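These are my notebook entries on one structure, set down in the order in which I looked things up.

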Amino acid sequence: MQWHSLFAGRWRRVGLIAGVLALGLLLGLRIFLMTPMAHSIVESRIEALSVRGQTIAIDRIHGDLLSGIRADRIGVSDDEGPWIEAEEARSSWRLVPLLFGRLELKEIRASSVDVSRRPNLTPATGPSRTAPFDQYRVDTFSILNLSLAEGIAGPAQTYQLMGNLRAAGWTGELHLDLLPADASGDELQADLVWGGDALLAGEISLSGAPDGLISQLFGLRAGEGLTAHLKASGGVLDGEMAAQAKIGADTVLNLEANADGRCYQATGRIAL
């Protein structure tokens, strides 16, 4: 009996000491990850990467690497030099989901992003890589001032971008708002769900100013603007969809479609 009590007491002491050591190690690691030395290690590892000829430069990382960081400036360069720069960028995440293959970001923010030109991408080499995570979630992403230099998509333009995203395999949800910094720019609003029972459900509304980003993407002639709206609901076998689009004052698309489980019907007009 005495030997049993002595043996049990020793194991309790060993367990207590091991727990204290583990707690101290975790606390020391947490403190280290907040130090300038840890930040410098992360900066050097990121800046050593090169993807299709693109390299990243980071000025001063702050914060806790286990939960979130912020950087004074992040720049991406190609063989001609920097082409995009972000100021006051920050991101925070949930640590536990990372251990199970899920990337869950609480936020991605930047006070400003300046795009000065289009990048020069080198051809991809080697086999394509699979995605590092099975699921993605971004509770909030925003850019308060997104500036596109002249020539990227028409004249110089400035926007605000905000939204959130969830994606897992072929299913997901997206809410996106792209708004002009002044009253004379493009607008894009999307609230979409895809995959599962619904192939695509939600709404998209866009308004492309003449010679703006959206008009350039659709290849419209100088002085032409574009407005469009898409609404979809239901599933693949019992869904509804309506789409309208105008170039200037001319209607170029007016389409309605539905399915009732037995057949598909579509009516409308397309003018090209």
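I began with V96 and found it in helix α3, residues 95-98, where helices are DSSP runs of H or I with at least four residues and strands are runs of E with at least two, numbered from the N terminus. This is a predicted model, in which local features need pLDDT of at least 70 and side-chain atom pairs count only at pLDDT 80 or more, while totals for chains, interfaces and linings use all residues. Residues are numbered from 1 along each chain as its sequence is written, and side-chain values use heavy atoms, with hydrogens and water left out.

V96 is exposed at 53% relative accessible area (buried means under 20%, exposed over 50%, partly exposed in between, with a 1.4 Å probe and protein chains only). With L99 and F100, V96 makes a nonpolar surface patch of about 360 Å².

For the chain as a whole I noted four helices and 14 strands, and that 29% of its 272 residues count as buried.

Next I looked at S142, which is placed in strand β6 and is buried, with a relative accessible area of 10%. Setting aside residues up to four places away in sequence, S142 touches I108, R109, A110, L161 and M162 (contact means heavy atoms within 4.5 Å).

A156, by contrast, I found in the loop between β6 (135-148) and β7 (157-168), exposed at 57%. Its C-alpha atom is separated by 8.8 Å from that of G212, 56 residues apart along the chain.

I then searched the whole structure for salt bridges and recorded 11, each a side-chain nitrogen of Lys or Arg within 4 Å of a carboxyl oxygen of Asp or Glu. One of them joins D59 and R73 at 2.9 Å, N to O; D59 is in strand β2 (residues 54-64) and R73 in strand β3 (residues 68-78), 14 residues apart. Another pairs R60 with D72, the closest N and O atoms being 3.6 Å apart. R60 lies in strand β2 and D72 in strand β3, so this pair ties together parts that are 12 residues apart in sequence. R60 is exposed at 54%, whereas D72 is partly exposed at 34%.

My last entry concerns D139 and R94, whose salt bridge has its closest N and O atoms 2.8 Å apart. Because D139 lies in strand β6 and R94 in the loop between β4 (81-93) and α3, the pair ties together parts 45 residues apart in sequence. Salt bridges that share partners join R94, R102, E104, R137 and D139 into one network.

Key:
Patches are made of residues with over 30% relative accessible area and no salt bridge: like charges are joined within 9 Å, nonpolar side chains (Val, Leu, Ile, Met, Phe, Trp, Tyr) within 5 Å. Accessible areas come from the Shrake-Rupley method with a 1.4 Å probe; for residues, only the protein chains shown count as cover.
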